[in-house]
Amino acid sequence: MKYLNQLCVILGFTLAGEALQRLVPLPIPASVYGLALLFLALCAGLVKVEQVKETGAFLAGILAILFVAPAVGIVEHWALISPHLFSIGLILAATTCLTFGISGRVAQRFLKGGEDHG
Amino acid sequence: MAELLSVGILPVVVTLIAFRLGQLLQQKFKTPLLNPILTAMLLVLGFLFLTGMDIGTYQTGMKNISWLMTPATVCLAIPMYAQFQALRKNLKAIAAGIAAGTVSCLIMVFCLCAVLQFDRSLTVSLLPKSITSAIGVVLSEMGGGMPSLTTASIVLTGIFASILGTGFCRLFRITHPVAQGVAFGTAGHVIATARANELSPLIGAVSSLSLVVAGLLTAVIFPFVLTFL
């Protein structure tokens, strides 16, 4: 029964996310609303970690499998993508390197700033 | 044979086996290069080629489980909550790092795509490349991008960040473990977080918090970025 209860809680938040997405006129995915709502409910103590833990870990664990199908779809778009392979690779490499550097350096500046001034 | 190929659950079973083989291969060789999503993609393509199953039939069969994507993404709130509690005193620095990285990443991808004169669909597909596919693929789909290219870009970005992450830390002189975690999670989402976990539990924890927050932040900024396209 534990897993069924947990599934009900998780699907409840998923449904709330779907509802919110239809109410708010912004192109933000329902899953993002559901995630935010569950996070807030956990912070507020409305939901305890024990009420979602195992089923949540299972669902998060199978998440990666669900991206195999979108990845397979690449053959359908291959004609559109293939002429740009080199540029795409360049964009990915350059922006990943810089995003890594910028996020790390900014975080470090704040961490060290806190240490230096008290 | 033809009858078996039309069984709706077959694509799901094939995908599960392909993914599991991909995981085992990665465990054996311990390299982020053998990403299970990429391995499974190649195995599934091989299966489709050998059996002659139509790619449309495959995609339709996968719809049996694809609805799980939303509840599974919602569940990312659970580890996020645990990390949030554990990292309370560093939240300001973590938030600043994620925000700087996420915003600059979107701007850089946007500008590079504009310089290369990419069309809208290509640009939309590449914009979410540094965030978790759970959010990125949906954003790409909603914006009129190609979910397949987005998935591939996200996986390649993660592999790139996890292989070169420690090198980047030296290059940019990122020495603080919390700052390193922010960089791994913001630039390389789940895949780089796996690498961060190997470095230390603290770096891994910061990275897994960062990947969810970066995904959420991107989802909020994304509609605004699209208005410039």
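**View 1. The interface between chain B and chain A.** About 6,900 Å² of area is buried between chain B and chain A, and carbon and sulfur atoms give 85% of that figure. Three residues to look for here are B:Val74, B:Ile78 and B:Tyr81, which supply 9% of the area that chain B buries against chain A, more than any other three residues. Please keep in mind that this is a predicted model. In terms of contacts, 65 residues of chain A meet 88 residues of chain B.

**View 2. The side of chain B that touches chain A.** Which helix gives this side its largest share? Helix 10 of chain B (residues 147-171) does, with 14 residues. Sorted by class, this side of chain B holds 66 nonpolar residues, 19 polar ones and three charged ones.

**View 3. Polar pairs across the interface.** Ten residue pairs, both partners at pLDDT 80 or more, are in polar contact between chain B and chain A. Salt bridges between chain B and chain A number zero.

**View 4. A nonpolar patch on the surface of chain B.** Here B:Leu4, B:Val7, B:Ile9, B:Val13, B:Ile17, B:Leu21, B:Leu24 and B:Leu43 come together as a nonpolar surface patch, with about 670 Å² of accessible area between them. Helix 2 of chain B (residues 10-29) gives the most to the patch, four residues. B:Val13 has its place in helix 2 of chain B.

**View 5. A salt bridge within chain A.** Over all chains, the whole structure has three salt bridges. One of them pairs A:Glu54 with A:Lys2, whose closest N and O atoms are 3.6 Å apart. Because A:Glu54 sits in helix 3 (residues 53-62) and A:Lys2 in helix 1 (residues 2-23) of chain A, the pair ties together parts that lie 52 residues apart in sequence.

Methods:
Residues numbered from 1 in each chain as written. Chains lettered and ligands numbered in written order. Predicted model: local features only at pLDDT ≥ 70, side-chain atom pairs only at ≥ 80, totals over all residues. Heavy atoms only, no water. Contact = heavy atoms within 4.5 Å. Buried area = accessible area lost by both parts, 1.4 Å probe. Salt bridge = Lys/Arg side-chain N within 4 Å of Asp/Glu carboxyl O. Polar contact = N/O pair within 3.5 Å; in protein donor to acceptor, adjacent residues only side chain to side chain. Helix = DSSP H or I, 4+ residues; strand = E, 2+ residues; numbered from the N terminus. Nonpolar A, V, L, I, M, F, W, Y, C, P; charged D, E, K, R; others polar. Patch = residues over 30% accessible without salt bridge, like charges linked within 9 Å, V, L, I, M, F, W, Y side chains within 5 Å. Areas by Shrake-Rupley, 256 points an atom, 1.4 Å probe, with all protein chains shown as cover.
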